[in-house]
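Subject: Handing over a structure, with notes

Dear colleague,

I am passing on the structure that follows, and I would be glad if you could read these notes beside it. They go through a few topics in turn.

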Amino acid sequence: MTNKLKYFIGNWKMFGDFGSFKIIQEVNRYIYKNKRLDKKKIVLCVPNTLIHFFKKKLKSNIISLGAQNCHFHEGYGAFTGSVSATMLKRIGAEYIILGHSENRLEGETNQIVKKKIISALNQKLKVIFCIGETFKEKKSRKKFSVLRKQIKSSLEKKFNKNQIIFAYEPVWSIGTNKIPKINELENIIKFIKKDFRILFKTGNSPKVLYGGSVNHKNIKSLSSITEIDGFLIGGASQSAKKFIDIIENYYK
Ligand code: PGA
């Protein structure tokens, strides 16, 4: 059992309805009872349609809620079908996932991610900034240069880095049941932290989560990498039992 308290952040993607409140309740109850967890570090990023509803229904507000994306324009504007960081903050989001590969695959560039980060930070949302290489990039040994470019093009020196948590999510590991080899993953997490320190001339490393097919079975081997500050969990966070099992097994 490791004593360092980690982030466990769920990404529900395009799943969930009002009935899913029972998942929130169950996780909330679990966190409430479990003294050894850092309550501020358990987050569920749910669809926008549910944030306000969950927030209002939660009597003892322990779990934090987050969104999964936003438009880069702050405030309000003529952007049909979009939601801004301003609107998400107002309905109770505390966190926001930005730069997720599922959005990058639909055309979101590093520059767009940067604009989104700016508006989220202005709204005092905590940003979960996703980076990661595709299988092709991994095979052609471009992994490190891709990660460096994603970091360099989306962040600026003046950003409040305390509000940004990195999530390393190799695209080929998302929803595939494949995770990187432990020693490879350890090197990548170290690389991200070091590169960040060099790029932004700081002695402080960012928090870096791992995401991609995290489940209650592989969490034990992932827990051996002490440099990982937590996990971004997709599929398994859509079930209270699976999400709680991951946390339980991590600290076992
Ligand atoms: P997964 O998704 O855990 O289902 O692989 C992770 C993510 O997309 O954030």
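How many aromatic pairs does the structure hold? The model is a predicted one, and in it the structure holds 15 aromatic pairs. One of them joins Phe166 and Phe196, whose ring centres are 5.7 Å apart and whose planes stand at 90 degrees, so this pair is edge-to-face. Because Phe166 lies in strand S6 and Phe196 in helix H8, the pair ties together parts that are 30 residues apart in sequence. Both partners are buried: Phe166 has a relative accessible area of 1%, while Phe196 has a relative accessibility of 4%. Phe196 also pairs with Phe200, and that pair is tilted, with 5.2 Å from centre to centre and 55 degrees between the planes. Phe200 is buried as well, at a relative accessible area of 9%. Elsewhere in the list of ring pairs, Trp12, Phe18, Phe21, Phe53 and Phe54 are linked into a cluster.

The ligand comes next. Which residues are closest to the ligand? It is surrounded by 13 residues, and the closest are Lys13, His100, Glu169, Gly175 and Ser213. By class, this shell is made up of three nonpolar, eight polar and two charged residues.

Turning to the cysteines, how many disulfides does the count come to? The count comes to zero disulfides. Cys45 is in no disulfide, and the cysteine sulfur nearest to its own, that of Cys130, is 9.1 Å away. Cys45 counts as buried, with 0% relative accessibility. For Cys70, the closest cysteine sulfur is the one in Cys45, at 12 Å, which is too far for a bond because a disulfide needs the two sulfur atoms within 2.5 Å. Cys70 is also buried, with a relative accessible area of 6%.

Asn177 is not a glycine, and yet its phi is positive, at about 70 degrees. This residue is found in the loop between strand S6 (164-168) and helix H8 (182-199), and, with a relative accessible area of 63%, Asn177 is exposed. Lys201 is not a glycine either, although it has a positive phi of about 45 degrees. Where is Lys201 found? Its place is the loop between H8 and strand S7 (207-211). Is Lys201 buried or exposed? Lys201 counts as exposed, because its relative accessibility is 68% and exposed means over 50%.

With kind regards

Technical notes: Residues are numbered from 1 along each chain as its sequence is written. This is a predicted model: local features need pLDDT of at least 70, side-chain atom pairs count only at pLDDT 80 or more; totals for chains, interfaces and linings use all residues. Side-chain values use heavy atoms; hydrogens and water are left out. A residue is near a molecule or strand if one of its heavy atoms lies within 4 Å of it. Ala, Val, Leu, Ile, Met, Phe, Trp, Tyr, Cys and Pro count as nonpolar, Asp, Glu, Lys and Arg as charged, and the others, Gly among them, as polar. Buried means under 20% relative accessible area, exposed over 50%, partly exposed in between (1.4 Å probe, protein chains only). Helices (H or I, at least four residues) and strands (E, at least two) are DSSP runs, numbered from the N terminus. Rings of Phe, Tyr and Trp (its six-membered ring) pair if their centres lie within 6.5 Å; planes under 30 degrees apart count as stacked, over 60 as edge-to-face and the rest as tilted.
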